[in-house]
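Please read it with the coordinates open.

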Amino acid sequence: VLTGALTAGDSIRYSLSRILEMRLGNTQMAVSSGSGFMDANLAATLSQSLNVPVSPLLMLQGIGINPDSNSRVNKAGIIGIDSSFFQITELPFTFPGDGEAVIGSRVAERLGLTAGDAFLIRVESAGLIPVNSPFAREPAPSVAIRLNVAAIATDEQLGLFSLSNDQ
């Protein structure tokens, strides 16, 4: 019984550690502004001051839609990156160009997409002034963007990247 419990404990510990690596890559620390924005130049300043690689991210929540099959993924993490994002993954992936996106393999499977396919993302509107501020103009609740799949990222290529503490 003890051997079985120790083996199961090691297996669970390894599995959780592996999931953590796939979700965070080489991320050691994260600074989040909550619902506000920070200047992207802060990443360069922090990188220079701390002498460590830093990558700015724009993280929004949205919906991924395959217009051909009308399949969708709700509550999808939409992450805007620049080339510094490569510093937190050990396996390279294709950097998206204008009008392109890299999607995770699980999202690609759920939407039935392959590289080169067109799809839509609908993201929540974001602005410099929070919507609930006095005198703030109410923006459209979401914006639809048509993109092409530049590449499909495997789990090891941070296809599961997330800073959220959820499943």
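**Notes on the predicted model**

1. D117 is found in the loop between α3 (105–111) and β4 (118–124); helices (H or I, at least four residues) and strands (E, at least two) are DSSP runs, numbered from the N terminus. The model is a predicted one, in which local features need pLDDT of at least 70, side-chain atom pairs count only at pLDDT 80 or more, and totals for chains, interfaces and linings use all residues. Residues are numbered from 1 along each chain as its sequence is written, and side-chain values use heavy atoms, with hydrogens and water left out.

2. With a relative accessible area of 27%, D117 is partly exposed; buried means under 20% relative accessible area, exposed over 50%, and partly exposed in between (1.4 Å probe, protein chains only). The side chain of D117 reaches the backbone nitrogen of T114 at 2.8 Å. Leaving aside neighbours within four places in sequence, D117 is in contact (heavy atoms within 4.5 Å) with G112, L147, N148 and V149. D117 and A150 are 33 residues apart in sequence, yet their C-alpha atoms are 8.4 Å apart in space.

3. The overall arrangement is as follows. The protein chain contains 3 helices and 5 strands, in the sequence pattern α-α-β-β-β-α-β-β. Of its 167 residues, 24% count as buried. The chain exposes about 11700 Å², of which carbon and sulfur atoms supply 55%; these areas come from the Shrake-Rupley method with a 1.4 Å probe, and for residues only the protein chains shown count as cover. Among contacts between residues at least 6 apart in sequence, 66% join residues at least 24 apart.

4. What supplies the largest nonpolar core? This core has 14 residues, and those with the most contacts inside it are I78, I103, L113, F119 and I121. Strands β2, β3 (100–104), β4 and β5 (142–153), together with helix α3, each supply at least two residues of this core. A nonpolar core is a set of buried Ala, Val, Leu, Ile, Met, Phe, Trp, Tyr and Cys residues joined through side-chain atoms within 4.5 Å. Not counting residues up to four places away in sequence, I78 touches L58, M59, L60, Q61, G62, I121 and V123.

5. N66 lies in strand β1 (residues 58–66). Is N66 buried or exposed? N66 counts as buried, because its relative accessibility is 5%. Its side chain reaches the backbone nitrogen of D68 at 2.9 Å. Beyond residues up to four places away in sequence, N66 touches S71, L111, G112 and L113.

6. S71 is found in strand β2. Its side chain makes a polar contact with the side chain of S69 (2.8 Å). A polar contact is a pair of N or O atoms within 3.5 Å; within protein, one must be able to donate a hydrogen and the other to accept it, and residues adjacent in sequence count only if both atoms are side-chain atoms. Apart from neighbours within four places in sequence, S71 is in contact with G64, I65, N66, R110 and L111.

7. Two backbone angles deserve a check. Most residues other than glycine have a negative phi. N70, in the loop between β1 and β2 (71–80), has a positive phi near 60°. N70 is exposed, with a relative accessible area of 56%. K75, which lies in strand β2, has a positive phi near 55°. K75 counts as exposed at 69% relative accessibility.
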